[in-house]
Amino acid sequence: MPADLSPHLIYGPTGIAVFIIGLVGALCAQDRLRRVLALKLCSVGAGFLLITAAWREPPAAPDPVPHALVITGIVVMISATAVALALIRRLKSLEAEADTPQDTPEASHDA
Amino acid sequence: MADILAAGLMALGAVFFIAGSVGLLRFPDVYCRLHALTKADGLGLALIALGVALRADSFGEVFRILLIWFFVAVASATGGHLIAAHARRSDREAGEGEAGNV
Amino acid sequence: MSDPLAIFDLLLAVAIVALALATLSVRDLFAAIVLFVVFGLLSALAWVRLSAPDVALAEAAIGTGVTGALLLKTLHHLRHVTGTPERAAMRGMTPGAPVPMPVIWANAAFCGLIALGLAVAFLGAPAAGPGFDALVAEAMPRSGVEHPVTAVLLNFRAYDTLMEVVVLLAAVIAVWQIERGLSEAPAPVLGEVFEGFARLTLPAIVVLGTYLLWKGAEAPGGAFQGGAVLAAVGLLLLLARLYVPQPSHRPLARWAFVLGTGAFAAVALLVTGGGRVAFEYPAEHAKTLILLIEGVVTISIAVTLAALFHGREPVAMAPGEAPAASRSGEARDAG
């Protein structure tokens, strides 16, 4: 059995590797957008592990519950990504405004 | 017999994909690369689709493979056009910028 | 090697890990996003190999397709704001303050620990551990659908799915609030060829999305995959400028956002009203109820994902004052 390389034995370590790459990237990345990418890698790595756990020797059908969990995870992840990217866009605009200190008299006056 | 023919078509398609990838890596600029990629991949995809269609069980499957081929071909042609148009626009802007600087 | 496909699996696994590394190490952010999209598509292929076609569809459509579009849009915005139009923009990111050594060591130890934990868990797990297979198989006849993943999502674990739709709703509300008054980077003109492409593919995408939704009852597919494919209609319309969101469309959009959650919760309440636990559908109506929820949720997901891509709430703005909108918006909020 161990001599037989089943997909589960190949993709399990793949998932662990992808998760760790994402984790290291999320901790080390200097750029905000790249940190979001790293977290996305983490989520895909976790998906790999769950799907590997659900895998069964071909004639048997895989366990549907982890599959449903990963689908839920994908949808939650895009919600989180969208909010994170909106925050990044907003932050960048604020920073760009702070970097150009001229003008804005009428804005401060209004406020 | 059909199986051998299908395998041959798919192998030929794979060769075209490899040729396209080599072109992508070896050609000097965007336009040559696009040329290699879109031509070779278009042909490779058509051959692989044909090979898979030969092995299909029902007419419905053949129809779906045909649809996949059609939409992938249209999408890749559009993508190639957009990349080329963008490259030309930024080339022109870069040229104007240099001219302005001089 | 007994199985020739094992070679394919090995190559695919190596490619996936290499793409993950490349995504985080390549300097150009645009290249990083493109590599990430390739990574996502290959992961979806790997999941097909692990006999999880539903998840692969969801990952390809939502996790890679819509996410990739969102990332590219954000990059476009960042480059517009920093005022460096082309590729050179993000290349020379100014590095922040140097990270202190103890922090680096702590991070390394943390990552090592997690890696060790995952490896131990993976190696220690029984090969075909006791899963939920038997429970699901036993309950399938009462679920109202023939596809186990759909049964789990919309019947056995419907609470999860309801919360998932709520999370999407929360995300779109948050994005509208965050982007309030944010000036928008002008969208690139994609030209007639793209417009023709959009017109040609739109009907096909609508058919495909509906097909995925309908097919989900008995085969891989379902509300989320169908919804994501239909969201692509929204993306194409927005990109080709065949549809420009108007302030007057906001009430309609709001209704569409809430529709999924509302219908889902209404069904749960209705079932509870009949003296049952929420989501314990009466067996004879289970299929009708599930398809009803799925249909409504699909529309809601499609509109929500397209709105997440578009980002800014379409508020009334005089054509001339668009660039200054950011500032005046803040002034309004403060006052």
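Predicted model: local features only at pLDDT ≥ 70, side-chain atom pairs only at ≥ 80, totals over all residues.
1. Chain C first. Of its 335 residues, 40% are buried. Take the contacts in chain C that join residues at least 6 apart in sequence: 73% of them link residues at least 24 apart.

2. Now the A–C contact. On one side there are 65 residues of chain A, and on the other 81 residues of chain C. Four helices of chain A each put at least two residues into the side that touches chain C: H1 (7-28), H2 (32-54), H3 (64-99) and H4 (105-110). The biggest giver is H3(A), with 25 residues. Sorted by class, that side of chain A holds 43 nonpolar residues, along with 12 polar and 10 charged ones.

3. The core is worth a look next. The largest nonpolar core has 127 residues, and the members that touch the most others are Val66(C) and Ala231(C). Which helix gives the most to this core? That is H3(A), with 15 residues, and H3(A) also gives the most to the side of chain A that touches chain C. From chain C, the core takes at least three residues from domain 1 (1-92) and at least three from domain 2 (132-335).

4. If you set aside neighbours within four places in sequence, its contacts are Val66(C), Ile301(C), Ala302(C), Leu305(C) and Ala306(C).

5. Two backbone angles are worth checking by eye. As background, most residues other than glycine have a negative phi. Ser51(C) has a positive phi, near 45°, and sits in the loop between helix H2 (29-49) and helix H3 (53-82) of chain C. Is Ser51(C) buried or partly exposed? Ser51(C) counts as partly exposed because it has 19 other C-beta atoms within 10 Å, while a buried residue needs 20 or more.

6. The second one is Arg241(C), with a positive phi of about 60° despite not being a glycine. Look for Arg241(C) in the loop between helix H9 (223-239) and helix H10 (250-273) of chain C. Arg241(C) has 13 C-beta neighbours inside 10 Å, so it is classed as partly exposed; the exposed class takes residues with 12 or fewer.

Note on methods. Residues numbered from 1 in each chain as written. Chains lettered and ligands numbered in written order. Contact = placed C-beta atoms within 7 Å. Nonpolar A, V, L, I, M, F, W, Y, C, P; charged D, E, K, R; others polar. Core = buried A, V, L, I, M, F, W, Y, C linked by C-beta atoms within 7 Å. Domains from an automatic or database assignment.
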